[in-house]
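Hello! Here are a few friendly points to go through with the model open beside you.

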Amino acid sequence: MVQGGVSLRAKRRGVLYLIAVVLFVVQVFPFLYVFSNSLRTPATAMRGFALIPNQFHFANYERAWSMAGMGHYFINSVVITAISTFLTVVVTALAGYAFGRIRFWGRGILFGIVLSGMIIPSQVTVIPLYIFLQHLNLLNNYLALVFPYIAMQTPFSIFVFRNYFMTIPNELEDSAKMDGCGMMRTFWNVMMPLALPAIATVTIFSFMSDWSEFLYATVFMTDPNMMTLPTGLVHFQGQYTYDWPLLFAAIVMIIIPVLVVFMFLQKFFVKGLTAGAVKG
Amino acid sequence: MNSVRGKLKTTLVGYGFVLPALVILALFTIYPMLRVIQYSFLQWDIMGSKHWIGLGNYLALLHDSTFLRAIANTIVYAALSLIFIYTASLLGAVLMNQSLRGQSIFRTSYFLPSLIPTVAIGLAWQGIFDPSNGLLNTLLRFLGLNSLALQWLANPKTALYCVIFVNIWQWWGYNMMLFLAGLQTISNDIIEAARVDGASAFTTFFRITWPLLRPVSIVVIVTTIIGSFKAFDLVYVMTGGGPFEKSTVIVLDLFQQGFQFMKFGYASAMSVVLLIIVLIWSGLQMWFSRTDAE
């Protein structure tokens, strides 16, 4: 009787593990497939299911980087993502601090406007933005993506910073003021170092969004010299259709930085991922 | 007197702090949003001349078979994504809440695709769906199912569903993390009390756990639906809306009308339709969470 109960339990656990492993394979196999085939010669790629190539053929990466221009796209992406993410953190930390801790007239209304920006889809504004950027003569310029990318992240990031700054006790700020710090000094020297978790969350979200963004990048950067990785990848696919190892090498190049950032900031990733959703 | 001056100074400092962010938001989100509404009432030809036509663009949309097809496809995309993402993420969260060994590896692998740029995901799956050498057809032929080895992305019957499948694959794990975070806020006492009262695991889940997850459910449902209505990257990369517009969606149609045919007024009307749909869902979300809070 008791034994029967135990084996039923064990069976149940077995089934659970089986499901978990099947899901694991379904989620991970495509990445291994891409990586494995990026290391094969075009003649040996996409044959059968063996994940480990007979010999590692790194030439695809060289070809993708130099010949196919991925190196160029990579640099554009790094520059645009770095500038956008950095500026997003700076301007939204300032604003979040003010909304959370400075009692100024009109604060409620302005914060309402910021929040309403959260529900405007970036896809809706692509046409007027294109025309606006054309007027400003900014198309095919890094700024054509930097400003819209900051704007895209602004509402959520301000929200994160505001909520975080609201939790910091007043005493710290007061003692800084006693020591004769101005508002700006207090902000930079006292508050910002305390806000590291909020900075991490905002950095992660901005980085991920800027690194992946595709629609604006396609429309605002038509000059191949200015393309970012996602648009470059598609442009590149048009030229090298069915050279799968080359394409897969390019895909690995766009994925690696995300994985690196993920590994370093894993703790904040999962927290940030679920931020807001549970609290509502 | 002093306090009024102090208040004024505080206000000026406050404005100084919020100004940079607000200027960027105003110029690059709010101003374009107001503009798109204005543009949607204009006839705008390729030469750049424009004139007011009132609701003309909207009336034309009602008879535009491609746009109607895009709306229908988007609804299918949203409905299937919702059903599968919701179910998989909820059950996945329950599974990951059973303290299995190695669960952090499982968890990470499940939401990993949501971190990867969608363009890369789309291209990778294009390789998998490739009719001659792709993994899927290789596997099917290996199993002797040659008749099932289709031209997945070029077949009007399967193209849209392949894209939807990849969307589900990419996002269910992310939503699972949300449910998991929700599950971890439910106190064990409640569950145990129910079990002591003789409720089965099934009953406990449906009567207690699931209703308590309602706030997360609302977030998952609304973000999945809104995300589906904004779908573009995956469709553009995997099928380009083809074959024969069988897999086109709203944003893709908007993109083509705007930037391939330069019909800015017409594409703006499509944008406004999209904006209204998204606003309705956001409104519903707020309404639901507010009635919950009361």
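1. Let's start with helix 3 and helix 7 of chain B, whose axes come within 6 Å and cross at roughly 40 degrees. That angle makes helix 3 of chain B oblique to helix 7 of chain B; angles under 35 degrees count as roughly parallel, over 145 as roughly antiparallel, 65 to 115 as roughly perpendicular and the rest as oblique. The crossing of helix 3 and helix 7 of chain B is right-handed. By class, their contact has 22 nonpolar, six polar and no charged residues. Here Ala, Val, Leu, Ile, Met, Phe, Trp, Tyr, Cys and Pro count as nonpolar, Asp, Glu, Lys and Arg as charged, and the others, Gly among them, as polar.

2. Some ground rules: this is a predicted model in which local features need pLDDT of at least 70 and side-chain atom pairs count only at pLDDT 80 or more, while totals for chains, interfaces and linings use all residues. Residues are numbered from 1 along each chain as its sequence is written, chains are lettered from A and ligands numbered from 1 in the order in which they are written, and side-chain values use heavy atoms, with hydrogens and water left out. Helices are DSSP runs (H or I, at least four residues), numbered from the N terminus. Axes are lines fitted to C-alpha atoms over the stretch in contact, and angles run from 0 to 180 degrees between N-to-C directions.

3. Helix 7 of chain B (residues 159–183) also packs with helix 4 of chain B (residues 103–115), at an angle of about 125 degrees and with axes 6 Å apart. Helix 4 and helix 7 of chain B are therefore oblique to each other. Their crossing is left-handed (the near helix is turned anticlockwise from the far one by less than a right angle; clockwise would be right-handed). Among the residues that meet are B:Tyr110 and B:Phe111 in helix 4, and B:Trp169, B:Trp171 and B:Trp172 in helix 7; contact means heavy atoms within 4.5 Å. By class, the contact of helix 4 with helix 7 of chain B has ten nonpolar, three polar and one charged residues.

4. How do helix 8 and helix 9 of chain B pack? Their angle is about 150 degrees, with axes 10 Å apart, and that makes helix 8 of chain B roughly antiparallel to helix 9 of chain B. The contact includes B:Ile190 and B:Arg195 of helix 8 and B:Ala201 and B:Ile208 of helix 9.

5. The second largest pocket is lined by 23 residues, of which B:Val94, B:Gln98, B:Arg195, B:Ala201 and B:Phe205 lie nearest its centre. Helix 9 of chain B gives the most to this lining, with seven residues. By class, the lining of the second largest pocket has 15 nonpolar, five polar and three charged residues. A pocket is an open set of points on a 1 Å grid where a 1.4 Å probe fits, with protein on both sides within 12 Å along at least five of seven lines; lining residues have an atom within 4 Å of a point.

Notes. Helix = DSSP H or I, 4+ residues; strand = E, 2+ residues; numbered from the N terminus.
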